[in-house]
Amino acid sequence: MRDATEALIVIDVQNDFCPGGALAVNEGDKIIPVINAMLAVFQVKVLTQDWHPAGHSSFASSHKGKAPFDTTQMPYGTQILWPDHCIQGSIGAAFHEHLHRDRADLIIRKGFRAQIDSYSAFFENDQTTPTGLEGYLRTRGVSKLTLVGLATDFCVAYSAIDGAKLGFDVTVLETACRAIDLDGSLDIARANMRAAGVTLEA
């Protein structure tokens, strides 16, 4: 059993990010057995869940003339526009049926504010609006984080970098992650994580 100062953060293992989903990550479901085994040995376990209202500002369908994976400018910077995904209460937003979600101590929902996207488990994309995860981990006495889930180059990477900036000892276990790899985004994310002091473990 892992020490109580260590937490497992499982990022967005939801139907829409798995094969057949609206924003499917290649082999996104292949990581689930590894994550389930880890859920059995960590004492502190948190799941994150993308949780968008219909018509969210990050959806391409909310911007006339825009297509998925185009970009637009938001008050907080450049935003990639996504296919409609993880809409609150939908099958796509639900955790994958094979994920042992009942082992989680806490579920953090993110992206529920209509006008701002949220990749990180710690902050909305404005980098100032907190999700509450930091406070939870501090009160549990956690100092070390292991991150797994979807997708390596977006929500996992943003969460890992924010965790490191907040002073946590952060490891990303890449065998339990999969990437979108949009125009080289995986290499960029890996470089940014290393620069932030995140340990990347194969």
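Strand 7 is mostly covered, with 7 of its 10 residues buried. Buried here means under 20% relative accessible area; exposed means over 50%, and partly exposed lies in between (1.4 Å probe, protein chains only). Strands (E, at least two residues) and helices (H or I, at least four) are DSSP runs, numbered from the N terminus.

The model is predicted: local features need pLDDT of at least 70, side-chain atom pairs count only at pLDDT 80 or more, and totals for chains, interfaces and linings use all residues. Residues are numbered from 1 along each chain as its sequence is written, and side-chain values use heavy atoms, with hydrogens and water left out.

An open sheet is built from 6 strands in the order 5-2-1-6-7-8, with parallel pairing. Strand 5 (106-110) and strand 8 (199-201) stand at the edges; each has a single partner strand, so one side of each is left without a neighbour in the sheet. From one strand to the next, the twist averages 25°. Axes behind such angles are lines fitted to C-alpha atoms, for helices over the stretch in contact, and the angles run from 0 to 180 degrees between N-to-C directions. Two strands pair if DSSP finds at least two bridges between them.

Strand 6 (residues 144-150) and strand 7 (residues 169-178) run parallel and are joined by 6 bridges. Lys144 has Asp169 of strand 7 as its bridge partner. Gly149 stands opposite Cys177 in strand 7.

Thr146 also lies in strand 6. Thr146 is buried, with a relative accessible area of 7%. Not counting residues up to four places away in sequence, Thr146 touches Arg2, Ala7, Leu8, Ile9, Met38, Phe42, Thr171 and Leu173. Contact means heavy atoms within 4.5 Å.

Val46 belongs to strand 2 (residues 44-50). Its relative accessibility is 0%, so Val46 counts as buried. Leaving aside neighbours within four places in sequence, Val46 has contacts that include Leu8, Ile9, Val10, Leu106 and Ile108. Leu133, Tyr136 and Leu137 are also among the contacts of Val46.

**Helix 3**

How many residues of helix 3 are buried? The count is 12 of its 14 residues, so the helix is mostly covered. Among them are Thr152, Asp153, Phe154, Cys155 and Val156. The buried residues of helix 3 pack against strand 1 (6-11), strand 4, strand 5, strand 6, strand 7 and helix 4. Just after helix 3, Gly167 takes a positive phi of about 100°.

**Pocket and cavity**

Both kinds of space are found on a 1 Å grid over the protein atoms alone. A cavity is a set of points where a 1.4 Å probe fits but cannot get out. A pocket is an open set with protein on both sides within 12 Å along at least five of seven lines. Lining residues have an atom within 4 Å of a point. Grid points are joined across faces, edges and corners, and a volume is the space filled by probe spheres set on the points.

The structure holds 1 cavity of 30 Å³ or more.

| Space | Volume | Lining | Nearest the centre |
|---|---|---|---|
| Largest pocket | about 470 Å³ | 23 residues | Ile80, Tyr119, Asp153, Phe154 and Tyr158 |
| Largest cavity | about 120 Å³ | 14 residues | Phe17, Leu23, Tyr119, Phe154 and Cys155 |

Helix 3 gives the most to the lining of the largest pocket, with 7 residues. Strand 4 (77-80), helix 3 (152-165) and helix 4 (185-196) each supply at least two residues of that lining. By class, the pocket lining has 11 nonpolar, 8 polar and 4 charged residues. The lining of the largest cavity has 9 nonpolar, 2 polar and 3 charged residues. Ala, Val, Leu, Ile, Met, Phe, Trp, Tyr, Cys and Pro count as nonpolar, Asp, Glu, Lys and Arg as charged, and the others, Gly among them, as polar.

**A loop glycine**

Gly92 is found in the loop between strand 4 and strand 5. Gly92 is buried, with a relative accessible area of 10%. Gly92 touches Gln14, Asn15, Asp16 and Cys86, residues up to four places away in sequence not being counted. Gly92 and Phe17 are 75 residues apart in sequence, yet 8.0 Å apart in space, C-alpha to C-alpha.
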